[in-house]
Each structure stands twice: as structure tokens, then as C-alpha cells.
Amino acid sequence: MASLQSSSVIGSLAYSSGRCRRGMTRAAINMPKLRTGGGGQSLRLPARDLVQEVLDMGIGLSPATTSHVEKKYQSRTVSNVSDPMVIAKLHEIMEAVADRVEMHENIGEQRDNWNSLLLTSINAITLTAATMAGIAATNVGGPLMALKLSSTLMYLAATGMLVVMNKIQPSQLIEEQRNAARLFKQLRCQIQTTLSSGNPTSSDVEEAMEKVLALDKAYPLPLIGVMLEKFPKTVEPAVWWPQHRQRQEGRTYGNGWSVELEEEMREIIGVLKRKDTEDYLRLGKIALKVNKILSISGPLLTGMAACGTAFVGSSHAPWATIVGVVAGAMASVVNTMEHGGQVGMVFEMYRNNAGFFRLMEETIESNLNERDVGRRENGELFEMKVALQLGRSLSGLKNLAASSSKKGEAIEEFASKLF
């Protein structure tokens with residue numbers, strides 16, 4: 001009886017082993033061929049065939065388990081499939097952004113040439129007119145009239161050119177184009193990252209379009225009609241980003257966020273508002289005031305010099321000569337200080353720095369006010385990004401937040417260590 005049971009067990013084992021080998025052989029024969037595309041594309045296997053082959057091998061998977069595996073695999077495959085129209089739209093936007101980068105770089109170079117050529121030309125005209133006025137004071141007769149008239153006309157030409165140059169502020173235009181080119185390059189990199197590392201959606205297309213239009217509005221290319229005001233009544237940070245959507249506050253934590261991290265970010269916002277943004281707006285007001293004084297002084301001095309040279313040779317010749325020569329020399333100095341020193345560029349730089357900190361404030365507030373924590377940026381990555389933008393380490397960022405919570409408005413340290 002025992003020998004019969006042993007032979008029965010051995011026979012069942014042999015039958016099971018043979019069935020497994022036949023299943024493996026059939027699976028090997030029916031295995032779908034691997035197809036490779038050009039450019040090193042990844043290999044793909046049909047999900048249904050793979051699961052079916054596993055079932056045919058008979059290795060112990062139940063139908064319920066197999067159905068769960070198949071559904072999970074197929075859902076993951078479907079979620080990774082991007083809409084071709086969305087990808088095409090993002091590529092079109094990226095091409096438009098690349099074109100804008102080239103336009104702003106070319107126009108910035110052109111306006112840099114304007115600044116240097118106009119500065120050199122106006123100074124040459126002014127100094128030549130001053131020299132001619134001085135020579136005219138030592139002559140009489142025909143040469144006197146010719147020199148006096150030439151000097152007056154040159155001063156008037158310099159006055160008109162200075163008025164136009166001070167109105168458009170070429171050095172400030174250069175800084176605008178430089179910032180626009182940099183921000184458009186940054187936007188292009190963001191679109192490339194979206195295309196390469198994620199599953200782009202229609203919301204990504206809308207966001208990219210909004211950013212492009214916001215940059216076009218912040219840094220216009222034409223000079224007539226839409227040029228930025230070079231002498232605004234109030235100094236405000238530059239704004240080159242679309243308005244953040246207002247979100248409801250929530251208290252759900254996760255995705256790298258915690259109560260401590262939220263408090264830390266709120267303290268960083270406070271420091272940015274009280275110190276960095278406020279300080280750059282203060283410096284911008286000083287630069288704007290200096291620029292206004294220089295912009296008014298230059299044409300005023302050349303106009304006075306033109307009036308002085310008109311009276312050279314008359315009964316008021318000594319004073320007229322002094323005004324014609326000295327005012328012309330001073331006008332050349334003022335013009336060099338304003339446009340050679342690029343005071344307009346300095347004002348635009350301060351305004352953009354204030355805008356950079358304002359953007360950081362709005363970005364942090366937008367994440368903190370998002371109720372659905374899954375829609376926030378990952379907390380740890382966001383903290384690292386803020387630290388890098390401020391030129392700090394993670395420990396330095398935490399120390400800044402702790403110091404701000406203790407000292408409040410009495411804190412003397414600035415948030416940014418970059419500029």
C-alpha cells in the first residue's frame with residue numbers, strides 16, 4: 001500500500017513538472033519580439049500578452065491577482081501617454097520663446113550701440129561748441145559771427161538730442177532687454193523640462209502662454225506708445241509673471257510639508273518684505289531722483305550755453321563767454337555722469353531685484369495657501385529651491401527663520417546673500 005502511494009505521488013510530480021516545462025516552452029515560443037526604435041528608444045511589451053503568458057506558465061497566480069496586475073499596468077501605461085496636440089502646442093510656444101530671446105538680444109545690442117554713439121556724439125558736439133565760443137570771444141568781424149552762429153547751432157542740436165536721449169534712457173532699455181532675454185531663456189528651460197520629465201497637460205500650455213504674454217507686457221520691444229515709463233511717480237517692483245490664483249488656506253500636511261516648514265516659510269516672507277524688497281525700493285527711489293536731476297540739468301545747461309554764445313561780442317561779452325564755455329563744459333560732465341554711468345540701468349536693476357523678491361513672496365504664499373497639499377510643490381524640494389535662490393544653505397535658511405521669529409522687525413540680517 002505504501003509503495004502504491006509513493007508511485008502515485010511520484011507520478012503527480014512528474015506530470016506537474018512536465019506541464020510546467022511545456023508551459024515555459026510555449027511561453028518562450030509565443031514571446032512577442034522586442035522592437036527597438038531609432039535613437040535608443042526604450043523597449044516596449046504589450047501588457048495583455050505579458051500577463052497571458054504568465055498565466056499560461058501556470059506558476060500559481062490566481063485570476064484575481066492577474067486581473068489586478070493587468071489593470072495596474074494598463075493604468076500606468078495610459079497615464080504616461082501624452083496628448084500629441086498638447087506636445088505640439090508646447091513645441092510651438094518654445095519656438096516662439098526662442099525667437100523672442102533672439103529678438104531681445106539683438107535689440108539690446110542695438111540699444112547699447114545707441115547709448116555709446118549718442119553719448120560720444122553729444123559730448124563731442126558740446127565740447128566743440130564750447131571751444132568755438134571761446135575762440136569767438138577773441139575775434140572780431142566776419143570770423144566772430146561765423147563762430148558764434150556755429151556754436152549756438154551746435155548747442156541747440158545738442159540740447160534737442162539730449163532731450164530725446166534722456167526721454168528714452170538707452171542704458172535702461174539695455175537692462176530691460178537683458179532681463180527679458182534671461183527670463184525668456186528661463187521659460188524655455190521650464191518648457192523643455194515639462195516636455196522631457198513629465199506628462200504635459202492643457203494646463204501646462206495655458207500656464208506657458210500666460211507667462212509669455214506677461215513677459216511681453218513687462219518688457220515691450222517698441223519705443224512708441226508702449227515703452228515703460230522711465231520716470232514713474234512711484235517706484236514699484238517689476239512684475240513679469242502672471243497673477244497667481246487665489247487659493248483657500250488649509251491645514252493638511254504631507255508631500256514634504258509640516259507645521260515647522262510652513263512657519264519657516266512665513267518667517268522668510270516677513271524678512272523679504274521688511275528687508276530685501278524694502279531696501280531695493282529705497283535704493284531705486286534714490287537712483288530715480290538722481291536720474292531726474294541729471295536728465296533736467298543736461299539740456300538746461302546746453303540751453304544756457306546756447307543763449308550765452310548768442311551774446312558773444314556784444315556789450316555783455318565777458319559774461320556771455322563765461323556762460324557759453326562753462327555751461328557747455330558742465331553739460332558734457334553731466335551727460336557723461338548720467339549716460340556713461342548708466343544711472344537709468346541702475347534704477348532698472350534695483351526695480352528688477354525688488355521684483356525678484358516680490359515673486360518669491362507670492363510663490364511662497366501661493367504654496368502656503370493651497371488647501372490640497374498634493375497640488376503644492378514638494379516641501380523639501382521647495383525649501384531647497386528657496387535656499388538656493390537666496391544664496392543660503394538649508395541650515396542657514398532655518399537659522400534665518402529662527403532669528404526672525406525671535407527678533408521680529410528688529411532683525412538686521414537680509415534674506416538674500418546674492419545681492
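Author: Happy to! The protein has twelve helices and zero strands. Please keep in mind that this is a predicted model.

Reader: What is the order of the elements from the N terminus on?

Author: They run α-α-α-α-α-α-α-α-α-α-α-α. Of the 419 residues, 37% count as buried. Among contacts between residues at least 6 apart in sequence, 81% join residues at least 24 apart.

Reader: Let me start with charges. Why is the pair of glutamate 105 and lysine 185 called a salt bridge?

Author: The side chains of glutamate 105 and lysine 185 meet at 2.8 Å, N to O. Glutamate 105 belongs to helix H4 (residues 84-136) and lysine 185 to helix H6, so the pair ties together parts 80 residues apart in sequence.

Reader: What makes glutamate 105 and lysine 185 partly exposed?

Author: Partly exposed covers what lies between the buried class, under 20%, and the exposed class, over 50%. Glutamate 105 has a relative accessible area of 36%, and lysine 185 has 34%, so each falls in that middle class.

Reader: How do you know that lysine 398 and glutamate 264 form a salt bridge?

Author: Their side chains meet at 3.5 Å, N to O, and the cut-off is 4 Å. Lysine 398 is in helix H12 and glutamate 264 in helix H8, so this pair links parts 134 residues apart in sequence. At 42%, lysine 398 counts as partly exposed, whereas glutamate 264, at 7%, counts as buried.

Reader: What about arginine 358 and glutamate 361?

Author: The distance there is 3.8 Å, N to O, and because the limit is 4 Å, the pair counts as a salt bridge. Both residues lie in helix H10, three residues apart, about one turn of the helix. Arginine 358 is partly exposed at 27%, while glutamate 361 is buried at 4%.

Reader: How many salt bridges does a search of the whole structure find?

Author: It finds 16. A network of salt bridges links Glu262, Glu263, Arg266 and Arg376.

Reader: Now the nonpolar side. What makes a set of residues a nonpolar core?

Author: The members are buried residues of the listed nonpolar kinds, joined through side-chain atoms within 4.5 Å. The largest such core has 29 residues, and those with the most contacts inside it are Met265, Ile268, Ile364, Val386 and Leu390. Helix H8 (259-310), H10, H11 and helix H12 (394-407) each give two or more residues to this core, and H8 gives the most, ten residues. A second, separate core of 20 residues includes Leu90, Leu183, Leu187 and Ala208.

Reader: Which residues is isoleucine 268 in contact with, leaving aside its neighbours within four places in sequence?

Author: Isoleucine 268 is in contact with Ile364, Val386, Leu390, Leu397, Leu400 and Ala401.

Reader: And how much space lies in the largest pocket?

Author: About 1800 Å³. Of the 44 residues lining this largest pocket, the closest to its centre are Gln190, Glu207, Lys211, Glu377 and Lys385. Helix H6 (170-197), helix H7 (202-218), helix H10 (343-368) and helix H11 (379-389) each give two or more residues to the lining. The largest share, ten residues, comes from H10. By kind, the lining divides into 17 nonpolar, 14 polar and 13 charged residues.

Reader: Why is asparagine 353 called buried?

Author: Its relative accessibility is 14%, and buried means under 20%, so asparagine 353 qualifies. Asparagine 353 is found in helix H10 and touches Tyr280 and Phe419, not counting residues up to four places away in sequence.

Reader: Last one: what makes glutamine 169 and glutamine 342 worth a look?

Author: Most residues other than glycine have a negative phi. Glutamine 169 has a positive phi of about 50°, and phi of glutamine 342 is near 55°, also positive. Glutamine 169 sits in the loop between helix H5 (142-168) and H6, and glutamine 342 in the loop between helix H9 (317-340) and H10. Glutamine 169 is buried, at 1%, whereas glutamine 342, at 23%, counts as partly exposed.

Methods
Residues numbered from 1 in each chain as written. Predicted model: local features only at pLDDT ≥ 70, side-chain atom pairs only at ≥ 80, totals over all residues. Heavy atoms only, no water. 1 Å grid on protein atoms, 1.4 Å probe; cavity = no way out; pocket = protein on both sides within 12 Å on 5 of 7 lines; lining within 4 Å. Points joined across faces, edges and corners; volume = space filled by probe spheres on them. Helix = DSSP H or I, 4+ residues; strand = E, 2+ residues; numbered from the N terminus. Nonpolar A, V, L, I, M, F, W, Y, C, P; charged D, E, K, R; others polar. Buried < 20%, exposed > 50% of the residue type's maximum accessible area, 1.4 Å probe, protein only. Contact = heavy atoms within 4.5 Å.
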